[in-house]
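Please read this briefing with the sequence and the coordinates side by side.

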Amino acid sequence: MSNLESIKGGTSQKNTLHKFRNEYFWRGLVTVCGILIILLTLSIGLFLIVKGTGTFTKYHHTLSEFLFSSEWSPMDSANEGGGKVGSAIYIFGSLLTCGLSLLIATPFSLAAAIFMVEISPNAGEKLFQPAVEIFMGIPSVVYGWIGLTVLVPFIKNTFGARMGGFSVLAASIVLAVMIFPTITALSADAIRNVPKEYYQAAYGMGSTRWQVISRVVLPVAFPGIFTGIILGLSRAFGEALAVAMVIGKTRAFPSSLLSPTNNLTAAIAADMGNSADGGEHNLALWTMALLLFLISMFFIFLIHVMFRKGSGSGEV
Amino acid sequence: MGNQLFNTIYLVFLSLLISVPIGVAAGIYMAEYAKEGKMLSFLRVSIESLSSLPSIVVGLFGYLVFILMTGAKWNLMAGALAVSILSLPLITTTTEDAIRNLPIGYKNGSYVLGATQWQTIFKVLLPACLPRIITGVILAAGRGFGEAAALLYTAGQSTNINWSNWNLTSPTCALNPFRPGETLALHIWVMRTEGSLNPHATEIANFSSAILVILVLRFSLTARIMSERIKRKSGGSKE
């Protein structure tokens, strides 16, 4: 097509101009926008890497100190090193709260998804689905605020927690409530996409409904459910303010579920504004951000691996 | 309170001004122009990583690039840019899906009439999937309203508006995008720390939460009603 045009070439410049205005210009423009998104992602990654590795290159801390030491006393003034940047407490806090929240939320989400799709599809579509979507839209600060004003006093009064209810438990419950809709929605989608033939075959063999659900539907839908769980987990890892409100922000390993601790996002949210740019403290916080970034990349990788496997076995 | 509500809406409006054109254009590129291959899969991975970035990390990036590197004070524009980074993936994927799901007849009909590819996209495909795109944009706006972590170090945690001042360059003018502007979601966060200073902090935060939830609810309901209507209209011609 374009060859033909170039042969006809100069016959009419108006034609080229017309073509430019109606095609090439806009094609170029949308291509630039596509490239822009790639550049944006790359530059976010790049900035994080440059800033985040400062702890190791500029202040010569070791990776194992950052990951496994719990001594945290970084220097705050610019260009002065020599402090300690062990972030084990923050990392452990993140892992613990996210793991617990997953333990709490997954059974509920799975049950809700099964109920929505299999047991009561009518009520599921008209009532549950919209409710879950609305749930998903509620801002995380609001969850945090409810956690702070309702959950924290409740934990304090019921369990007599020492730190007034600010605890690992409170943070995990808030996170669990937050990731519940994500896992539910994606699991429901996965279950809905199980081909009808699977049901027919299973019922034909004389299975009960529960046998069909637990032995056929759930295994087939597993890749989708797994994706939901991972996405929920990555949402929990990235959540900052809601957790910061209820976790208590004390720099110590939690001794029980009822004791306060701290986590990566809360530390970044609370301290970033008070640290001198380029100082040891500041760069250590950037390293935490880099760690969060790497964790979210890892989750995406997991989902991809899962799907490659899933699609391989699904197309029997 | 009124000021925070205004800031929230204004900031989301600004962010949509940025993210909608770029997102829709990128979606068009992905659906129509990009060839299946390295470039497209790389773009997909980029969008996926963008959408799963923790918002605090986007906030830090915004703080570094829009505040520290420009040497500016905390301002609404920086916040809007940070929020648009967060809403870009949603708008892009919605647009791409919407265009890809259109029946092939739309395109064929347009090409037969001698339209260029862009004319086909702009005059036939885009109008046909406009409702879907708008649904996506409304969802993105709803998320923008509740965003707080990304605004912590970009839009700032204070606001000062003089409603009788309409000089756009003045830092107290409501419409000046380069003034600090605390949003409702951030206000709740700030009230937590100021609890001891302000005796009404709890009531203020409760009230802010209520307004925020109602705002978000309205938007997600609108999006839901719209997508319901689209489903009914297309009447099962697909799937």
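The points below are grouped by topic.

The model is predicted. Where chain A and chain B meet, the contact draws 49 residues from chain A and 52 residues from chain B.

**The side of chain B that touches chain A**
- At least two residues each come from α1 (2-33), α2 (38-52), α3 (55-68), α4 (76-100), α6 (117-146), α7 (184-193) and α8 (201-234) of chain B.
- The helix that gives the most to this side of chain B is α8(B), which contributes nine residues.
- Sorted by class, the side of chain B that touches chain A holds 36 nonpolar residues, together with 13 polar and three charged ones.

**The largest nonpolar core**
- This core has 160 residues, of which A:Val174, A:Val246, A:Ile268 and A:Ala289 touch the most other members.
- Helix α8 of chain A, spanning residues 168-192, gives the most to the core, with 18 residues.
- Once its neighbours within four places in sequence are left aside, A:Val246 is in contact with A:Gly144, A:Gly147, A:Leu148, A:Leu151, A:Val152, A:Phe166, A:Ala170, A:Ala171 and A:Val174.

**A:Trp26**
- A:Trp26 belongs to helix α2 of chain A, which covers residues 13-52.
- Is A:Trp26 buried or exposed? A:Trp26 counts as buried because 20 other C-beta atoms lie within 10 Å, and the cut-off for a buried residue is 20 or more.
- Although A:Trp26 and A:Ser64 are 38 residues apart in sequence, their C-alpha atoms are 51 Å apart in space.

How values were computed. Residues are numbered from 1 along each chain as its sequence is written. Chains are lettered from A and ligands numbered from 1 in the order in which they are written. This is a predicted model: local features need pLDDT of at least 70, side-chain atom pairs count only at pLDDT 80 or more; totals for chains, interfaces and linings use all residues. Two residues are in contact if their C-beta atoms, placed from the backbone, lie within 7 Å. Helices (H or I, at least four residues) and strands (E, at least two) are DSSP runs, numbered from the N terminus. Ala, Val, Leu, Ile, Met, Phe, Trp, Tyr, Cys and Pro count as nonpolar, Asp, Glu, Lys and Arg as charged, and the others, Gly among them, as polar. A residue is buried if 20 or more other C-beta atoms lie within 10 Å of its own, exposed if 12 or fewer, and partly exposed in between; C-beta atoms are placed from the backbone. A nonpolar core is a set of buried Ala, Val, Leu, Ile, Met, Phe, Trp, Tyr and Cys residues joined through C-beta atoms within 7 Å.
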